[in-house]
Amino acid sequence: MELKLINANGEVAGNVAASDALFGREYNEALVHQLVTAYLANARSGNRAQKTRAEVNHSIKKPWRQKGTGRARAGSSRSPLWRSGAIVHGPVARDYSFKINKQVRKLALKMALSTRFTSENMLVVNKLQFDDIKTKNFVACKNALGLKKALIVVGEKDS
């Protein structure tokens, strides 16, 4: 398998050998769906929660003695009966995340790349190098390559 190597102006500059192990995969929709579902679920935050008696920030001291004050007996200011006390059966934060094994994650990524390769939605650009670090230079390069929406992956960090 070979990929076309394109320069920043959109002209063909050669070919690059692509490995069959990476780009020769059959698409397994269930596996990729599982990975996408896990990604979206891990991004969720189950952040509705009320505090129980153990979590409310109050003193653990008995507010007043048990007998002789004429008031009702009380053991804690954390009680749900008290102002700013605990909530009895309130909502609890939920964790929506679940784990995907590393090998499954890698395999799903290979399948996604393989699908992009077979549908010819993948470009390999030999070098993205600009004289000035300006957005208009990058936009001109993007328009020359005919990109509207793209994921750009580079080999090493380049400012």
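Author: This is a predicted model. Among the elements lining the largest pocket, the largest share comes from α4, with five residues.

Reader: What makes residues part of the lining of the largest pocket, and how many are there?

Author: A lining residue has an atom within 4 Å of a pocket point. For the largest pocket 38 residues line the space, and Leu 123, Leu 151, Ile 152, Val 153 and Val 154 lie nearest its centre. The lining divides into 23 nonpolar, six polar and nine charged residues. The space in the largest pocket is about 1700 Å³.

Reader: Why are Ala 108, Met 111, Ser 114 and Phe 117 of α3 called buried?

Author: Buried means under 20% relative accessible area. Ala 108, Met 111, Ser 114 and Phe 117 are buried in α3, so each falls under 20%. The buried residues of α3 pack against β1, α1 and α2.

Reader: What makes Asn 28 a cap of α2?

Author: A side-chain oxygen of Asn 28 lies 3.3 Å from the backbone nitrogen of Ala 30, at the N-terminal end of α2. The cut-off for a polar contact is 3.5 Å, so this pair is within the limit.

Key:
Residues are numbered from 1 along each chain as its sequence is written. This is a predicted model: local features need pLDDT of at least 70, side-chain atom pairs count only at pLDDT 80 or more; totals for chains, interfaces and linings use all residues. Side-chain values use heavy atoms; hydrogens and water are left out. On a 1 Å grid over the protein atoms alone, a cavity is a set of points where a 1.4 Å probe fits but cannot get out, and a pocket is an open set with protein on both sides within 12 Å along at least five of seven lines; lining residues have an atom within 4 Å of a point. Grid points are joined across faces, edges and corners, and a volume is the space filled by probe spheres set on the points. Helices (H or I, at least four residues) and strands (E, at least two) are DSSP runs, numbered from the N terminus. Ala, Val, Leu, Ile, Met, Phe, Trp, Tyr, Cys and Pro count as nonpolar, Asp, Glu, Lys and Arg as charged, and the others, Gly among them, as polar. A polar contact is a pair of N or O atoms within 3.5 Å; within protein, one must be able to donate a hydrogen and the other to accept it, and residues adjacent in sequence count only if both atoms are side-chain atoms. Buried means under 20% relative accessible area, exposed over 50%, partly exposed in between (1.4 Å probe, protein chains only). Contact means heavy atoms within 4.5 Å.
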